[in-house]
Amino acid sequence: QKRHKWGVGQDGKPIVGAGCIGGRVEPGEQPRQTLEREALEEIGCAVELCTPKPSSRICIGLDGDVRPLREDEEDPMALLYWALARPGYVPGGTVAVYCGTPASNPNPMDLPALLVAPWKCLQRLWSGCRLQEALEAGASLIERETIPRNARLNPTATLEVLGRASISQRPRLLRGCYQSRAAQPAVQPDAGLLWNPVRLASAGAG
């Protein structure tokens, strides 16, 4: 998360948001075009999308309910959609989340840093771990600005929604990512936060 959005905890330590690559859909854009533009702006390289297995695609509603997406529903390249209901987002909008791989080595362009974190780190992130704890658990950091190692990582947007998803749905999403990767081997980026071996990127009305 960009520095001006950081917070400070009661203990005086910084709170840094961690989320996925992506951003607002501009007039005339489709979500995939938004992702292409945002990826270049945020990580300096294009993203090659993977095709998720149809049975793994889901939608998370405003109330947190999860339903499967039909094969002919929405963009078939999107792994999941989630509904919006928060300040700063278009009312009634949704966010499309894609799985893919960077076309070249990603670097933080207009972000302070990129965090590359294995899936096993997600539980730590969802519980609000500190950056040093994530690094000790196997994550790595690509910095443009120095990020305090005692900063607490706060999941935002898509990463926050995934953290709130039903435990029973997480294996489904993981299968969708890994099966996507089998079709197009490699890894992919996600916004301020990257995770390995599959990473997420999102584009939405926010």
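Figure 1. Strands β2 (residues 14-18) and β11 run parallel and are joined by 4 bridges, where strands, like helices, are DSSP runs numbered from the N terminus (at least two residues of E for a strand, at least four of H or I for a helix), and where two strands pair if DSSP finds at least two bridges between them.

Figure 2. The pairing of β1 with β2 is antiparallel and spans 2 bridges, and V8 has P14 in β2 as its bridge partner.

**Figure 3. K5, in the segment before β1.** K5 is placed in the segment that precedes β1 (7-8), and its relative accessible area of 53% makes this residue exposed. K5 and I15 are 10 residues apart along the chain, and their C-alpha atoms are separated by 9.1 Å.

**Figure 4. The largest nonpolar core and the surroundings of L153.** The largest nonpolar core contains 19 residues, and L115, L125, A139 and L153 have the most contacts inside it; a nonpolar core is a set of buried Ala, Val, Leu, Ile, Met, Phe, Trp, Tyr and Cys residues joined through side-chain atoms within 4.5 Å. At least two residues of this core come from each of β2, β9 (113-118), α2 (122-126) and α3 (131-136), and β9 gives the most, with 3 residues. When residues up to four places away in sequence are not counted, L153 touches V16, L115, L125, G128, C129, R130, L131 and A134, a contact being heavy atoms within 4.5 Å. Apart from this core lies another, of 16 residues, among them I21, L35, C45 and A78.

**Figure 5. The buried side of helix α4.** In α4 (residues 157-164) the buried residues are T158, L159, V161 and L162. These residues lie on the same side of α4, because they cover an arc of only 160° around the axis, the arc being that of the directions from the helix axis to the C-beta atoms.

**Figure 6. Confidence along the chain.** The protein chain averages a pLDDT of 77, and 76% of its residues score at least 70, pLDDT being the predictor's confidence in each residue, from 0 to 100. Over residues 178-202 pLDDT stays under 50, although the model has 121 contacts beyond four places in sequence for this stretch. Where pLDDT is low, the predicted coordinates should not be read in detail.

**Notes to all views.** Residues are numbered from 1 along each chain as its sequence is written, and side-chain values use heavy atoms, with hydrogens and water left out. As the model is predicted, local features need pLDDT of at least 70 and side-chain atom pairs count only at pLDDT 80 or more, while totals for chains, interfaces and linings use all residues.

Notes:
Buried < 20%, exposed > 50% of the residue type's maximum accessible area, 1.4 Å probe, protein only.
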